[in-house]
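Biologist: Please take a close look at one part of this model for me: the shell around the ligand. Then set that part against the rest of the fold.

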Amino acid sequence: MTLYGVGLGPGQSDLMTVRGRRVLEDADVVYSPGRLSRSVATEHVPEARIGDLDFPMTRDAEKLRSAWKAAAAEIAPTARDGTAAFVTLGDPNVYSTFGHLRRTMAAFHPDVELEVVPGVSAVTAFATALGVEITAGSSLALREADGGISPTGPDRMVLFKVTDAPATHEGLVEAGYDVVYGRRLFMEQGETLVTDDPTGIDERDYYTLAYAERPEARVEQATDAFLESADENGVVSDGGETTGPRRASTGRRPDGGESDIARQERSESALCGDEVRR
Ligand SMILES: C[S@@+](CC[C@H](N)C(=O)[O-])C[C@H]1O[C@@H](n2cnc3c(N)ncnc32)[C@H](O)[C@@H]1O
């Protein structure tokens, strides 16, 4: 009936979505492309329902094509007769092996229905793990940095595949970036490390990313003003009391004729810092 591409999240089993878990529980076979995704999947389904797929460690396009053809040929009958799931770490549509499977299925087994369940990607999880806030009004670029390269240009970048942190670091610092590295973030397998010292992360662990930011690119926020009257502990002496009358949420329709939902949506966007016009 259906092949589901299911995002497992960054690695800790309780960071997968409720929907993703439900799909895995209902699937006849849960196909896994690697050891790490397998170990997360087995937290949710018994080993007997895991189907291991074998992919060669090669960049040879011909060999890769034939491995994907073989994988698709194995998965297609399960997906036609019942439900198959293919798991990936993070999100299935972000730098993921699932894209190869989707294209191969479309080419050779177009009758198989396909559905994707998104997962918590390293693209978003990095912010919490590294203590970074992408504030309203700022932009963020996603780049690859394998083999020690140092992509530069945007004010803020998440760099994936940082396989030679010391070499990448050199180029980034030269170009004026502050850089923080994160290895195996929110992962149960292996040791998590967050550091700004690239030499501490030089054993070339594939599950390493970096966040690079130009210090001058900081965007001022309305709430920064609170800190101006804060004491040395960062506490403001009025204890957070409001100075004007409190505005209760009445749920009443305002005179302007705008519906409550429209008004709430407008105010949510405004709180995010977006300029909102009527
Ligand atoms: C092929 S991409 C897979 C991305 C994944 N589909 C996602 O949405 O997060 C692999 C790269 O993502 C980054 N990555 C993925 N998970 C990570 C984690 N838990 N901790 C650190 N980096 C991670 C690393 O840079 C790694 O080289």
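Modeller: The shell around the ligand divides into 14 nonpolar, seven polar and three charged residues. Here Ala, Val, Leu, Ile, Met, Phe, Trp, Tyr, Cys and Pro count as nonpolar, Asp, Glu, Lys and Arg as charged, and the others, Gly among them, as polar. This is a predicted model: local features need pLDDT of at least 70, side-chain atom pairs count only at pLDDT 80 or more, and totals for chains, interfaces and linings use all residues. Residues are numbered from 1 along each chain as its sequence is written.

In total, 24 residues surround the ligand. The closest are Pro10, Gly90, Val94, Ser121 and Ala122. Domain 1 (2-120) and domain 2 (123-217) each give the shell at least three residues; the bounds come from an automatic or database domain assignment. Helix H5 (122-130) and strand S10 (208-213) each supply at least two. Helices (H or I, at least four residues) and strands (E, at least two) are DSSP runs, numbered from the N terminus.

Now the surrounding fold. The protein has eight helices and 10 strands. Of its 278 residues, 28% count as buried. Buried means 20 or more other C-beta atoms within 10 Å of the residue's own, exposed 12 or fewer, and partly exposed in between, with C-beta atoms placed from the backbone.

Take helix H3 (residues 61-81). Its 21 residues reach 31 Å from first C-alpha to last, close to the 30 Å expected at 1.5 Å a residue. That expected span is 1.5 Å times one less than the number of residues. H3 has a kink of about 30° at Ile75, shortly before the proline Pro77. The bend is the angle between axes fitted to the seven residues ending there and the seven starting there. Trp68, Ala71, Ala72, Ile75 and Ala79 of H3 are buried. Their cover includes strand S1 (2-7), strand S2 (29-32), strand S4 (83-88) and helix H4 (98-108). Contact means C-beta atoms, placed from the backbone, within 7 Å.

Two loop residues deserve a backbone check. Lys161 has a positive phi of about 55° although it is not a glycine. Lys161 sits in the loop between strand S7 (156-160) and H6. Arg184, also not a glycine, has a positive phi near 50°. Arg184 lies between strand S8 (178-183) and strand S9 (193-195). Arg184 counts as buried because 20 other C-beta atoms lie within 10 Å.

Key
A residue is near a molecule or strand if its C-beta atom, placed from the backbone, lies within 6 Å of it. Two residues are in contact if their C-beta atoms, placed from the backbone, lie within 7 Å.
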